[in-house]
Amino acid sequence: MEGILCCIIKEGRNMFSQQTGPIGIFDSGYGGLTVFDKIRQAMPEYDYIYLGDNARAPYGQRSFEVVYRFTRQAVLKLFEEGCQLVILACNTASAKALRSIQQLDLPEWDAERRVLGVIRPTVEIMDRISTTKHIGILGTSGTISSQSYSLEIGKMFPHIKVTGEACPMWAPLVENNEFDSPGADYFVKKHLDHILSVDPRIDTLVLGCTHYPLLIGKIKQYLPAGITVLPQGEYVAESLIDYLNRHPEMNRRLTRGGECRFLTTESATKFSDAASVFLNDPIEVEQISID
């Protein structure tokens, strides 16, 4: 397994004095909690800081320049908090900001730290999952328009046919705790019907947004038999374990106390209430500013 997208390493200066610290996990909102939860289950001994930029969510329809600027600010904040490794648990940020941060910012900030994404780990398992080699990507407008999945799949598995479907209402449904409401049925069925009409041979659907696992019940309700639905969390967790096994120098920099901190740019109370839907546990949250 190649693992999560690795950084391009260049010579650079170190802006930060702390050489050990937690794993940072960033998302524009709550969806990244589905990834965080799987990583924490797989690696409970590590320390984590989760940051949700809820005040500026969603990122899905924002421009490349804005997503890069917002994501850059969030990663810098997590580095300032001591994180040695940051996972962009957001498909839009992974699609629109990851490469620029890896190539432009890390050499300037600290060439030893890493920023990794969620697209590569998802792509790596597609060939062994799909029988027809026809795959559908369900994502935000930003993720689909970036063609990040199509490009990554094309490099690794050029024989796989990829069809993307932008589902701009799905993340807001989850953010507003409407994912299990009757109103969600219309938007879920609409996009599933459309992508399967474009390519009826699709046998695997990738949930290319970390919010979408909360819609998985409705998604399966409106799918014909024989189609596999892939949420990302468990594959990102597996890929992270593989990455750390292959990079013991980074693994040594990560602290292990089993502690988790949660940061949000919006109301701490609002984040805590919403997070309970994703994690099934009460959490303490700190409100911060990153702009």
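In this predicted model, strand β9 (residues 260-264) runs parallel to β10, and 3 bridges join them. Thr264 stands opposite Gln287 in β10. Strands (E, at least two residues) and helices (H or I, at least four) are DSSP runs numbered from the N terminus, and two strands pair if DSSP finds at least two bridges between them.

Both strands belong to an open sheet of 6 strands with parallel pairing, in the order β4-β3-β1-β2-β9-β10. Because β4 (114-116) and β10 (285-287) stand at the edges with a single partner strand each, one side of each is left without a neighbour in the sheet. On average, neighbouring strands are turned by 20 degrees against each other, direction ignored.

Helix α1 (residues 33-42) packs on the sheet and touches β1 (23-27), β2 (48-52) and β9, contact meaning heavy atoms within 4.5 Å. The direction of α1 makes about 170 degrees with that of β2. Helix α12 (residues 233-246) also packs on the sheet, touching β1, β3 (85-88) and β4, and its direction makes about 155 degrees with that of β3. Axes are lines fitted to C-alpha atoms, for helices over the stretch in contact, and angles run from 0 to 180 degrees between N-to-C directions.

Residues are numbered from 1 along each chain as its sequence is written. Local features need pLDDT of at least 70, side-chain atom pairs count only at pLDDT 80 or more, and totals for chains, interfaces and linings use all residues, while side-chain values use heavy atoms, leaving out hydrogens and water.
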